[in-house]
Amino acid sequence: MVVIKILNGIVVLLVSGVKFLAGIAYAAAVGQFGFWPCVVLTITGGMIGVYLFASLDLKILNFFNKLFRIKKRTYVKFSKKARFMVKLKSGYGLAGIAFLTPILLQVPIGTFLAMRLIKNKWKVSLYMLFSFSFYSFTIFGCYYFLGPHVKEMMGHFLKH
């Protein structure tokens with residue numbers, strides 16, 4: 001039983017390091033952890049992912065450039081995704097990227113974007129830590145203190 005709990009904790013760490021919301025969902029679905037272990041595991045997993053992807057940032061980009069022989073374009077192609085990324089970087093900066101990373105961008109993409117904006121790993125890590133903490137406390141707080149049937153409760157309150 002203890003081995004399974006440890007393995008589930010490791011899975012939460014690994015999944016949170018790549019897809020933060022999936023790590024939260026897995027920790028809640030397993031149900032073996034309390035409020036504080038879930039919060040600590042997901043935040044730690046997210047920060048391990050940020051540290052890993054920030055450290056390997058240039059190595060990963062160089063690997064893909066060599067693998068796919070990516071040449072620099074002489075023109076710029078604006079897609080909806082490219083416009084969104086430019087708007088995010090220029091309009092909201094590091095705080096916007098950190099705020100959207102856990103829910104929309106995912107840890108690797110958010111970390112790569114943040115590292116393109118600011119080269120200081122510690123500043124990027126601090127912003128990501130605040131973002132992960134906010135989402136982890138908010139989601140697990142709602143789940144553990146309002147119960148797993150939040151949707152049903154909200155539907156009941158809205159009907160009356």
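Two residues are in contact when they have heavy atoms within 4.5 Å of each other. Counted in this way in what is a predicted model, the contacts of the protein chain with a separation of 6 or more come to 71% from residues 24 or more positions apart.

**The chain as a whole**

The secondary structure consists of eight helices and zero strands, and reading along the sequence gives the pattern α-α-α-α-α-α-α-α. Of the 160 residues in the protein chain, 34% are buried. The chain exposes about 10,800 Å², and carbon and sulfur atoms supply 72% of that area.

**The nonpolar core**

The largest nonpolar core has 31 residues, and those touching the most other members are Ile97, Leu105, Met128, Phe132 and Phe140. Two or more residues are given to this core by each of α2 (20-30), α3 (35-55), α5 (80-105), α6 (107-117) and α7 (121-146), while the largest share, nine residues, comes from α3. Met128 shows how such a residue is surrounded: leaving aside neighbours within four places in sequence, Met128 is in contact with Met47, Val50, Ile97, Ala98, Thr101, Gly110, Thr111 and Ala114.

Which residues of α6 are buried? They are Val107, Pro108, Gly110, Thr111, Leu113, Ala114 and Met115, and what covers them includes α1 (2-18), α2, α3, α4 (57-68), α5 and α7.

| Residue | Relative accessible area | Contacts |
|---|---|---|
| Thr111 | 0% | Val50, Phe53, Ala54 and Met128 |
| Ala114 | 0% | Leu94, Ile97, Val124 and Met128 |
| Met115 | 4% | Ala54, Asp57, Lys121 and Val124 |

Gln106 is found in the loop between α5 and α6. Although Gln106 is not a glycine, it has a positive phi of about 75 degrees. Is Gln106 buried or exposed? With a relative accessible area of 19%, Gln106 counts as buried, because the cut-off for that class is under 20%.

Ser136 has its place in helix α7 and is buried, with a relative accessible area of 0%. Apart from neighbours within four places in sequence, Ser136 is in contact with Phe20, Ile24, Cys38, Val39, Thr42, Ile43 and Gly141.

A pair of aromatic rings is described by the distance of the centres and the angle of the planes. The count in this model comes to 12 aromatic pairs. In one of them, the rings of Phe20 and Phe132 have their centres 4.6 Å apart and their planes at 15 degrees, so this pair is stacked. The pair links distant parts of the chain, with Phe20 in helix α2 and Phe132 in helix α7, 112 residues apart, and both Phe20 and Phe132 are buried.

Another pair is formed by Phe35 and Phe145, whose rings have their centres 5.2 Å apart and their planes at 50 degrees, so this pair is tilted. Phe35 lies in helix α3 and Phe145 in helix α7, so the pair ties together parts that are 110 residues apart in sequence.

One of its members, Val3, lies in helix α1 and counts as exposed at 58% relative accessibility.

Notes: Residues numbered from 1 in each chain as written. Predicted model: local features only at pLDDT ≥ 70, side-chain atom pairs only at ≥ 80, totals over all residues. Heavy atoms only, no water. Core = buried A, V, L, I, M, F, W, Y, C linked by side-chain atoms within 4.5 Å. Buried < 20%, exposed > 50% of the residue type's maximum accessible area, 1.4 Å probe, protein only. Helix = DSSP H or I, 4+ residues; strand = E, 2+ residues; numbered from the N terminus. Areas by Shrake-Rupley, 256 points an atom, 1.4 Å probe, with all protein chains shown as cover. Phe/Tyr/Trp six-rings, centres within 6.5 Å; stacked < 30°, edge-to-face > 60°.
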